[in-house]
Amino acid sequence: MTTATAELLTVPEVMTRLKLERSTIYDLIRSRRLTSITIGRSRRIPADAVRDFIVDQIEEAA
């Protein structure tokens, strides 16, 4: 597995990491709170985007 491949997560992988439902992940993507890219017909979320989302949520809660 290459570094680039390891950094792109599938929606189910993000669902597991954030413990959220599929519809919530897609809502976050639609509202641009979670960055994603489309490769062909597949949606991928950079691992950095997930970390940034978590940091933003912690800052908002503080």
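These legends go with a few close-up views of a predicted model. Local features need pLDDT of at least 70 and side-chain atom pairs count only at pLDDT 80 or more, while totals for chains, interfaces and linings use all residues. Residues are numbered from 1 along each chain as its sequence is written, and side-chain values use heavy atoms, leaving out hydrogens and water.

**View 1. The sheet is an open one of 3 strands, ordered β1-β3-β2 with antiparallel pairing.** β1 and β2 sit at the edges with a single partner strand each, so one side of each has no neighbour in the sheet. Strands here are DSSP E runs of at least two residues, numbered from the N terminus, and two strands pair if DSSP finds at least two bridges between them.

**View 2. Here β1 (residues 8–9) meets β3 (residues 42–46).** The two run antiparallel over 2 bridges. Look for L9, which stands opposite I45 in β3.

**View 3. β2 and β3 make a hairpin with 2 residues between them.** β2 (residues 37–39) pairs with β3 in the antiparallel sense over 3 bridges, and I37 stands opposite R44. In the turn, G40 has a positive phi of about 65°.

**View 4. D52, D56, E59 and E60 gather in a surface patch of negative charge.** D56 belongs to helix α4 (residues 47–61); helices are DSSP H or I runs of at least four residues. With a relative accessible area of 38%, D56 is partly exposed (between the buried limit, under 20%, and the exposed one, over 50%).

Methods. Patches are made of residues with over 30% relative accessible area and no salt bridge: like charges are joined within 9 Å, nonpolar side chains (Val, Leu, Ile, Met, Phe, Trp, Tyr) within 5 Å. Accessible areas come from the Shrake-Rupley method with a 1.4 Å probe; for residues, only the protein chains shown count as cover. A salt bridge is a side-chain nitrogen of Lys or Arg within 4 Å of a carboxyl oxygen of Asp or Glu. Lys and Arg count as positive and Asp and Glu as negative; His and the chain ends are not counted. The place of a charge is taken as NZ of Lys, CZ of Arg, CG of Asp or CD of Glu. Buried means under 20% relative accessible area, exposed over 50%, partly exposed in between (1.4 Å probe, protein chains only).
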